[in-house]
Amino acid sequence: MQAKYKLEGHIHRTPLTLSKTLSEMTGCTVYLKLENLQKTGAFKVRGAWNRIANLTREERMRGVITASAGNHAQGVAMAAAQAGITSTIVMPFGAQEAKIAATQSYGSQVILHGHNYDEAYEHALHLADRSGAVFVHAFNDPYVIAGQGTIGVEIIDDLPSVDAIIVPVGGGGLISGVGLAVKTIRPEAAVIGVQPEMADSGFRSWNSRSMQSIDQPKSIADGLSVKRPGALPLEWMKQVVDQFVTVSEQQIRDAMFLLLERNKLLVEGAGAASLAALLKGSLSLRGKKVVLVISGGNVDFSKLAELYVNRSMIAQEAHKV
């Protein structure tokens with residue numbers, strides 16, 4: 001895959017680690033693909049770098065622009081800085097100060113606009129049309145999808161006999177890329193998607209084989225909370241995804257807590273969704289070699305506090321009983 005060679009030297013080849021604890025708990029042989037240890041703390045830099053690496057000379061002179069409230073913003077900012085081109089990131093009001101500061105630290109111009117991602121996205125498209133900058137979509141772009149697919153290539157390189165890979169789904173770029181790579185090399189491996197119950201537009205779209213939207217997706221896994229998947233990822237998802245499940249907010253919280261407590265891994269809600277899907281128990285994977293894509297580790301500390309408060313309340317209620 002060309003994307004793999006484009007990214008060499010620019011990103012981390014993240015570890016694939018065996019978790020004895022999770023293996024014993026689930027009856028599977030569980031491996032974790034630790035994209036929370038990736039540069040910028042999430043997988044998004046892979047797709048961003050691959051898109052920017054494929055710009056023409058004329059496009060590089062125009063610079064790039066995108067919209068994001070989190071991981072994609074930092075991925076584009078870092079990739080643009082490494083490539084020596086200008087970048088503008090439109091982020092909604094209310095974006096975390098830490099993420100704004102991290103994005104600016106790479107030299108990007110940050111513009112705050114709108115009260116949610118969709119409003120920021122529309123404004124970024126307007127600015128791109130007016131300025132001529134190249135818009136770098138977070139998931140609805142073939143180069144971005146190919147960049148995310150390098151995760152699948154690395155998994156197969158490190159574990160050729162993998163039986164199943166569980167992938168968090170937001171707009172669908174990650175699972176499309178991983179699925180395309182895996183099915184090309186090891187078609188018998190199952191590719192399984194997971195989304196929050198309260199932000200399940202991808203799940204609904206995959207099941208119905210048609211685009212489905214949600215007015216107000218909301219989840220502790222904010223990286224997966226999109227109104228609808230990308231049109232291009234959806235077409236690929238129909239072809240490469242074997243199963244798709246949803247998980248509750250409590251299941252995501254439990255998975256985050258378990259990864260922190262037992263594996264010493266700080267993982268955001270989106271990154272913990274793959275473990276939540278496995279722990280749910282609805283997948284027939286006992287005895288199989290299963291890889292969980294831990295997609296990111298950029299945790300909002302207010303949500304981390306919420307996680308512990310929630311855990312304490314549950315423990316107190318259980319003690320009363």
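You're looking at a predicted model, where local features need pLDDT of at least 70 and side-chain atom pairs count only at pLDDT 80 or more, while totals for chains, interfaces and linings use all residues. Residues are numbered from 1 along each chain as its sequence is written, and side-chain values use heavy atoms, with hydrogens and water left out. Helices (H or I, at least four residues) and strands (E, at least two) are DSSP runs, numbered from the N terminus.

**The six-strand sheet**

- Here 6 strands line up as E1-E2-E10-E7-E8-E9 in an open sheet with mixed pairing; two strands pair if DSSP finds at least two bridges between them.
- At the edges sit strand E1 (16-19) and strand E9 (243-247), each pairing on one side only.
- On average, neighbouring strands of this sheet are turned by 25° against each other, direction ignored.
- Strand E7 (residues 164-168) runs parallel to strand E8 (residues 190-196), and 5 bridges pair them; Ala164 has Ala190 in E8 as its bridge partner.
- Helix H9 (residues 173-185) packs on the sheet and touches E7, E8 and strand E10 (289-294), with its direction at about 170° to that of E8. Axes are lines fitted to C-alpha atoms, for helices over the stretch in contact, and angles run from 0 to 180 degrees between N-to-C directions.

**The four-strand sheet**

- The order in this open sheet of 4 strands is E5-E4-E3-E6, and the pairing is parallel.
- Strand E5 (109-112) and strand E6 (134-135) are the edges; each has a single partner strand, so one side of each is left without a neighbour in the sheet.
- E3 and E6 are joined by 2 bridges in the parallel sense, and Val64 stands opposite Val134 in E6.
- Lying across E3, strand E4 (87-91), E5 and E6 is helix H7 (residues 117-131), which runs at about 160° to E3.

- Ile65 belongs to strand E3 (residues 64-67) and is buried at a relative accessible area of 3%. Buried means under 20% relative accessible area, exposed over 50%, partly exposed in between (1.4 Å probe, protein chains only).
- Not counting residues up to four places away in sequence, Ile65 touches Thr88, Val90, Ala124, Leu127, Ala128, Ala133, Val134, Phe135 and Val136; contact means heavy atoms within 4.5 Å.
- Arg51, in helix H3 (residues 44-53), also counts as buried, with 10% relative accessibility.
- With neighbours within four places in sequence left aside, Arg51 contacts Val134, Val136, Asp141, Tyr143 and Val144.

- H12 (residues 249-262) has 14 residues and reaches 20 Å from first C-alpha to last, close to the 20 Å expected at 1.5 Å a residue. That expected span is 1.5 Å times one less than the number of residues.
- Its buried residues are Glu249, Ile252, Arg253, Ala255, Met256, Phe257, Leu258 and Leu259.
- Just after H12, Lys264 has a positive phi of about 60°.
- The axes of H12 and helix H13 (residues 269-280) come within 8 Å and cross at roughly 105°. That makes H12 roughly perpendicular to H13; angles under 35 degrees count as roughly parallel, over 145 as roughly antiparallel, 65 to 115 as roughly perpendicular and the rest as oblique.
- From H12, Gln251, Ile252, Ala255, Met256, Leu258 and Leu259 meet Gly269, Ala272, Leu275, Ala276, Leu279 and Lys280 of H13.
- This H12 and H13 contact involves 9 nonpolar, 2 polar and 1 charged residues. Ala, Val, Leu, Ile, Met, Phe, Trp, Tyr, Cys and Pro count as nonpolar, Asp, Glu, Lys and Arg as charged, and the others, Gly among them, as polar.
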